Amino acid sequence: MILKINHIIPFIFTLIATWVIFAATPFFRFNGMYPQVDPQIIFLHTICGLMFLYLATQLILNRYDLKNLNHPLITLPFLLAVIGFISSLLAKNFNTSLSGSPQIGQGVFWYFDLTIMLIVFSQVAHL
């Protein structure tokens with residue numbers, strides 16, 4: 001039963017993450033500078049935060065094997081995020097370095113999100 005749940009939860013996260021573009025519909029607009037991009041970024045970070053909590057509980061309960069994290073598709077975005085975090089400490093605007101440009105939001109947090117998504121989605125690929 002628990003093994004089945006451990007396969008269903010990543011699959012649900014995978015389905016929900018594909019709906020990030022749904023957050024760009026005019027119904028979810030904000031009143032910021034880039035009204036259609038802001039909800040997408042918030043939705044993406046929220047989903048990836050939930051995925052991180054799921055992975056953290058899997059690691060605490062010893063239900064996830066750490067050798068799965070030793071793949072180049074997982075380590076390269078993580079290393080980019082770490083290097084980006086170190087370089088953002090030296091940048092003039094720390095917040096912009098972490099969150100990225102307001103138009104697309106591709107900063108350090110985005111690379112951490114990408115790493116989390118790759119870990120969860122690789123679990124779905126192994127089903």
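Q: What pLDDT does the protein chain average?
A: The model is predicted, and the protein chain averages a pLDDT of 81. Of its residues, 87% score at least 70.

Q: Which elements have the lowest and the highest mean pLDDT?
A: Helix 4, residues 94-99, has the lowest mean among the elements of the protein chain, at 78. The highest mean, 91, belongs to helix 3, residues 72-89.

Q: What does the secondary structure come to?
A: The protein chain has five helices and zero strands. Read from the N terminus, the order of the elements is α-α-α-α-α.

Q: What about contacts between residues at least 6 apart in sequence: what percentage join residues at least 24 apart?
A: In the protein chain, 63% of those contacts join residues at least 24 apart.

Q: And how many of the residues are buried, as a percentage?
A: Buried residues account for 28% of the 127 residues in the protein chain.

Q: Let us take helix 2. Why does its end-to-end distance agree with its number of residues?
A: Helix 2 covers residues 37-60, which is 24 residues. At 1.5 Å a residue it should span 34 Å, and its end C-alpha atoms are 35 Å apart, so the two values agree.

Q: Which of its residues are buried?
A: The buried residues in helix 2 are P39, Q40, L44, I47, C48, M51, Y54, L55 and Q58.

Q: Why does Q58 count as buried?
A: Q58 has a relative accessibility of 7%, and because buried means under 20%, Q58 falls in that class.

Q: What does Q58 touch, not counting residues up to four places away in sequence?
A: With those residues set aside, Q58 touches N6, R63 and Y64.

Q: What follows helix 2?
A: Helix 2 is followed by N62, which has a positive phi, near 60°.

Q: Where does F22 lie?
A: F22 is in the loop between helix 1 (2-17) and helix 2. With a relative accessible area of 40%, F22 is partly exposed. F22 and F43 are 21 residues apart in sequence, with a C-alpha to C-alpha distance of 9.5 Å.

Q: Which residues make the nonpolar surface patch?
A: The patch, of about 970 Å², is made by L76, F78, L79, V82, I83, F85, I86, L89, L90 and F94.

Q: Which helix gives the largest share of the nonpolar patch?
A: Helix 3 does, with eight residues.

Q: And where is the place of F94?
A: F94 belongs to helix 4. Its relative accessibility is 32%, so F94 counts as partly exposed.

Q: What is F94 in contact with, leaving aside its neighbours within four places in sequence?
A: Apart from those neighbours, F94 is in contact with F85, S88 and L89. Of these, F85 and L89 are also among the residues that make the nonpolar patch.

Note on methods:
Residues numbered from 1 in each chain as written. Predicted model: local features only at pLDDT ≥ 70, side-chain atom pairs only at ≥ 80, totals over all residues. Heavy atoms only, no water. Helix = DSSP H or I, 4+ residues; strand = E, 2+ residues; numbered from the N terminus. Expected span 1.5 Å × (residues − 1). Buried < 20%, exposed > 50% of the residue type's maximum accessible area, 1.4 Å probe, protein only. pLDDT = per-residue confidence, 0-100. Contact = heavy atoms within 4.5 Å. Patch = residues over 30% accessible without salt bridge, like charges linked within 9 Å, V, L, I, M, F, W, Y side chains within 5 Å. Areas by Shrake-Rupley, 256 points an atom, 1.4 Å probe, with all protein chains shown as cover. Salt bridge = Lys/Arg side-chain N within 4 Å of Asp/Glu carboxyl O.
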